[in-house]
Amino acid sequence: MSTTSLQFAIASTDDTDQHTSAQLLGSALLGAGGRLPSARAPWPKQTLQTELLGGQATLEERWLSSSDCREGEQDGLRWRRNDELLYGVIELDEGGFDAAGIPPLQAATEAAYQRIFALLDAQQLPQLWRTWNYMAAINRDSHGLERYRQFNIGRQDAFRAARRALEVQLPAACALGFADGPLSIAFLAGRTPIIPIENPRQMSAFAYPRRYGPRSPSFSRAALAHPAGAEILFISGTASIVDHRSIHDGDVVAQTHETLCNIGTVVDAANRRALSVPFRLDELHYRIYLRHAADLPQVTAVLDEVLGPPANPMSRLYLRADVCRAELLVEVEAQAIHPR
Ligand code: 3EB
């Protein structure tokens with residue numbers, strides 16, 4: 001028996017009966033790259049169009065509510081909620097956003113975030129806690145601009161249009177590229193505001209200089225969220241960036257060490273604001289994104305060395321993905337839930 005209102009679990013995709021679906025807020029399917037779309041899930045499910053590395057073919061990460069959920073669907077967005085938080089997924093094909101002048105990815109991103117903000121306002125759960133952003137060909141140039149930078153314009157314009165703050169209360173986030181697939185955004189939102197956390201080793205992403213694109217990325221380095229009886233720590237996608245510069249060009253081992261140093265520093269910063277017991281690096285659930293699948297042994301060895309071998313191998317899931325700067329070879333995100 002748990003008194004927390006939210007739990008996180010990893011399931012192999014064939015044990016769908018393990019949780020009554022009435023209490024499943026939603027999920028993410030990892031390792032679906034190259035597969036035919038399966039039957040439509042009865043809950044919001046984000047499909048990561050890439051490969052899980054080194055383990056199972058597919059796994060599903062599930063967010064479980066302690067109470068039954070309500071749900072809805074509109075304009076490509078599916079959501080489920082309980083009394084205090086909401087999980088949603090929106091998937092948009094860029095082909096539907098081919099207006100003159102504006103890159104389709106930028107237009108699709110702006111539309112997606114506008115729909116998310118409209119939903120959260122209507123549901124009276126306005127606080128965006130965490131977003132998971134995936135898109136095809138993130139490093140490719142089109143319309144004279146790298147696609148990740150197009151995404152950042154659409155995202156920031158939507159925050160601005162919704163009169164949402166651009167430098168405070170930004171959600172934790174990640175943004176990665178796959179070879180193929182729609183713009184796919186999953187999100188958790190709630191009634192209560194997050195405590196946003198920045199990293200003293202890194203410039204805040206919302207303050208990045210213009211050389212990284214005409215609009216800065218709209219995310220916090222980490223966030224603490226507080227549903228009833230619980231404290232969630234979300235660590236945003238983290239890479240080998242110190243101040244605003246990518247470092248250790250071409251050296252995946254050094255990039256992984258730098259990334260884990262950044263995560264250690266941001267966890268320390270979060271622990272100074274945490275309401276529960278301190279978060280430890282060896283209790284976090286990690287997703288590790290590798291640009292090159294062949295780097296898996298080296299990256300795994302660094303994580304095992306720095307964090308200790310995982311007590312549960314499911315707590316470190318390795319995925320193939322393109323990181324949002326061409327020189328970055330690895331990105332790591334993490335989370336944990338404590339009772340409070
Ligand atoms: C960085 O630190 C690496 O655009 O939402 C990490 C996490 C990164 C989130 C985002 C981007 C995003 O700038 C990239």
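Please keep in mind that the model is predicted.

Let me begin with the ligand. Thirteen is the count to remember here: of the 13 residues around the ligand, those that come nearest are Tyr148, Arg155, Tyr208, Arg221 and Cys324. In Tyr148, an N or O atom of the side chain is 2.5 Å from an oxygen atom of the ligand. For Arg155, the distance from a polar side-chain atom to a ligand oxygen atom is 2.7 Å. Tyr208 likewise places a polar side-chain atom 2.7 Å from an oxygen atom of the ligand. As for cover, the ligand has 360 Å² of accessible area on its own, and the protein covers 100% of that area.

Which elements give two or more residues to the shell around the ligand? They are helix H2, spanning 147–161, and strand E11, spanning 172–178. The largest share, three residues, comes from E11. Sorted by class, the shell contains nine nonpolar residues, three charged residues and one polar residue.

I turn now to the nonpolar cores. In soluble globular proteins, nonpolar side chains tend to be buried together. In this model, the largest nonpolar core has 39 residues. Within that core, the residues with the most contacts are Trp63, Tyr87, Trp132, Tyr134 and Phe234.

Methods. Residues numbered from 1 in each chain as written. Predicted model: local features only at pLDDT ≥ 70, side-chain atom pairs only at ≥ 80, totals over all residues. Heavy atoms only, no water. Near = heavy atom within 4 Å. Polar contact = N/O pair within 3.5 Å; in protein donor to acceptor, adjacent residues only side chain to side chain. Areas by Shrake-Rupley, 256 points an atom, 1.4 Å probe, with all protein chains shown as cover. Helix = DSSP H or I, 4+ residues; strand = E, 2+ residues; numbered from the N terminus. Nonpolar A, V, L, I, M, F, W, Y, C, P; charged D, E, K, R; others polar. Core = buried A, V, L, I, M, F, W, Y, C linked by side-chain atoms within 4.5 Å. Buried < 20%, exposed > 50% of the residue type's maximum accessible area, 1.4 Å probe, protein only.
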